[in-house]
Amino acid sequence: MRKLLTPLTKDKIAGLKAGEQVLLSGIIYTARDQAHKLIAAALSKGGKPPVELSSCVIYYCGPSGTPEGKVIGSCGPTTSSRMDAFAPLLLEAGVSAMIGKGGRSDKVVREIKRRKAVYFITYAGCGALLARTVRKAEVIAYSHLGPEAVYRLEVEDFPLIVAIDSSGRKLKGF
Amino acid sequence: MRKIPAAKISDTTAELCARANIILRKDVLVLLRSARKKEKNGLAAAALDAILENARAAAAERTPLCQDTGLPYVFLEIGQGVLITGCRLDAAVNNGVKRGYAFASCRQSVVSHPLSRSGSSYVPAVIHTDIVPGSKVRVTVFPKGFGSENKTGLKMFRPTESGDEIVNYVVSCSAEAGADACPPYIIGCGIGGGADTACLLAKKSLLRDVRKRSPDRLLRKMEKEILRKVNRLNIGPMGLGGGCTALAVNIEASPTHIAGLPAAVNISCHALRSASAVI
């Protein structure tokens, strides 16, 4: 199994093949529906997004509450297709990898190929298990969105499967 | 009349909310283990291993099984010989949900207005009450994740159409859900009544033991047929392919009108969570 460290620059992504399993360590940022809407609105107006998007990994996730003494609560992926409308804009801004669950639209697949990015899936409905890979978590933007805020997560060996690689090849069904 | 304080219903609801979100249902666990034994596809087997390990992690660490702790549904079967005393029943239930969800570190996934999307909270729960014979109250908490709820389907069939058309519709809804709703699925179906009845029956069918088929011969046949066809879709656990796209199909039916045949599909992800208690 391949191990990767963030930032996920194009050279690290280029060798990944659809169907390959990866363990990712480093910094990833959560963003789901409402955060995407706000980031996209900021980008379209020429504004500054709340995180540096260049070579950034975006995780479609809204964690549950953090139990006392824990780093984070349950933190599995949410359905990626709801972010399809926003993904091309974020990819254009430099996002190099997305983590979620389920399939993507044809347009997103084309944009992934064009921008030499990657779409990973992770174990869906396994938030308690994935929480074990998170070393640090802090809200860095849109705290008013509650669980939909942007969290900066420091992860170690976060399990991923390449669903769409940088040449646009897809795992069957995605 | 047997008097039951609303506070007792509230406490029970709180306990059930924590249990449902943290401990995977035993019937679901049994089917997942059996699916893992049969799985030959490497990636799909790894996904099923992760699901089983997740259930152990959630129970051991008292963490919710999934970050989507759902829209909380609370079903109350209230014996007609019961008098509920104290505060309002809906207030008691919502108070219980709040306490149980907070105790289990659940997510505040409920927004108070569907369009403004303002204010996330644990409540209000969706509360369904049935008046039943007897002097007891059964409380069932069902946290329903929305990745799967978004794949709900309702179709008003013609009364001259057969079960085969419904079977094909349910299979097409499952194909449409693809990998989005966290397969392997448990597929709930409601047939009959009005449109609302069919939807509610589909949801309630998910509360039935997933190892048990319908006692009705026609429905049992359809359950088996749908499961067989869905498992030929090659979606597999988390969309990774193979023969395990659904673990079970539960159908509930109700009398309906001579002019209609409503059928609803309510899919559950593999983390089908619910808990019940009788007061």
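## Exercises on a predicted two-chain model

Chain A has five helices and seven strands, and the model in which these elements are found is a predicted one.

**Exercise 1.** Describe the order of the elements in chain A, and work out why chain A can be called as compact as a globular protein of its length.

*Solution.* Begin with the order along the sequence, which for chain A reads β-α-β-α-β-α-β-α-β-α-β-β. The C-alpha atoms of chain A, taken along the principal axes, fill a box of roughly 45 × 40 × 25 Å. Finally, look inside the chain, where 52% of the 174 residues count as buried, and where residues 24 or more positions apart account for 64% of the contacts with a separation of 6 or more.

**Exercise 2.** Find which residues of helix 6 of chain B are buried, and which elements they pack against.

*Solution.* First locate the helix, which covers residues 163-177 of chain B and reaches 21 Å from its first C-alpha to its last, close to the 21 Å expected for its 15 residues. The buried residues include Ile166(B), Val167(B), Val170(B), Val171(B) and Ser174(B). To read this spacing, recall that an α-helix has 3.6 residues a turn, so residues three or four places apart point the same way. The buried residues of helix 6 pack against strands 8, 9, 10 and 11 and against helix 8, all of chain B. After the helix comes Gly178(B), whose phi is positive, near 55°.

**Exercise 3.** Identify the residues with the most contacts inside the largest nonpolar core, and list the contacts of Val118(A).

*Solution.* The largest nonpolar core has 143 residues, and those with the most contacts inside it are Val118(A), Phe120(A), Val170(B), Ile187(B) and Cys189(B). Strand 7 of chain A, residues 150-164, gives the largest share of this core, 10 residues. Now take Val118(A) and leave aside its neighbours within four places in sequence: its contacts include Ile13(A), Leu16(A), Ala97(A), Ile112(A), Val162(A) and Ile164(A).

**Exercise 4.** Describe the side of chain B that touches chain A.

*Solution.* Start with the contact as a whole, which takes 35 residues from chain B and 34 residues from chain A. On the side of chain B, the largest share, nine residues, comes from helix 3, residues 42-61. Sorting the residues of this side by kind then gives 16 nonpolar, 13 polar and six charged.

Conventions. Residues numbered from 1 in each chain as written. Chains lettered and ligands numbered in written order. Predicted model: local features only at pLDDT ≥ 70, side-chain atom pairs only at ≥ 80, totals over all residues. Helix = DSSP H or I, 4+ residues; strand = E, 2+ residues; numbered from the N terminus. Expected span 1.5 Å × (residues − 1). Buried ≥ 20, exposed ≤ 12 C-beta atoms within 10 Å, placed from the backbone. Contact = placed C-beta atoms within 7 Å. Core = buried A, V, L, I, M, F, W, Y, C linked by C-beta atoms within 7 Å. Nonpolar A, V, L, I, M, F, W, Y, C, P; charged D, E, K, R; others polar. Rg over C-alpha atoms; globule rule 2.2 N^0.38 Å.
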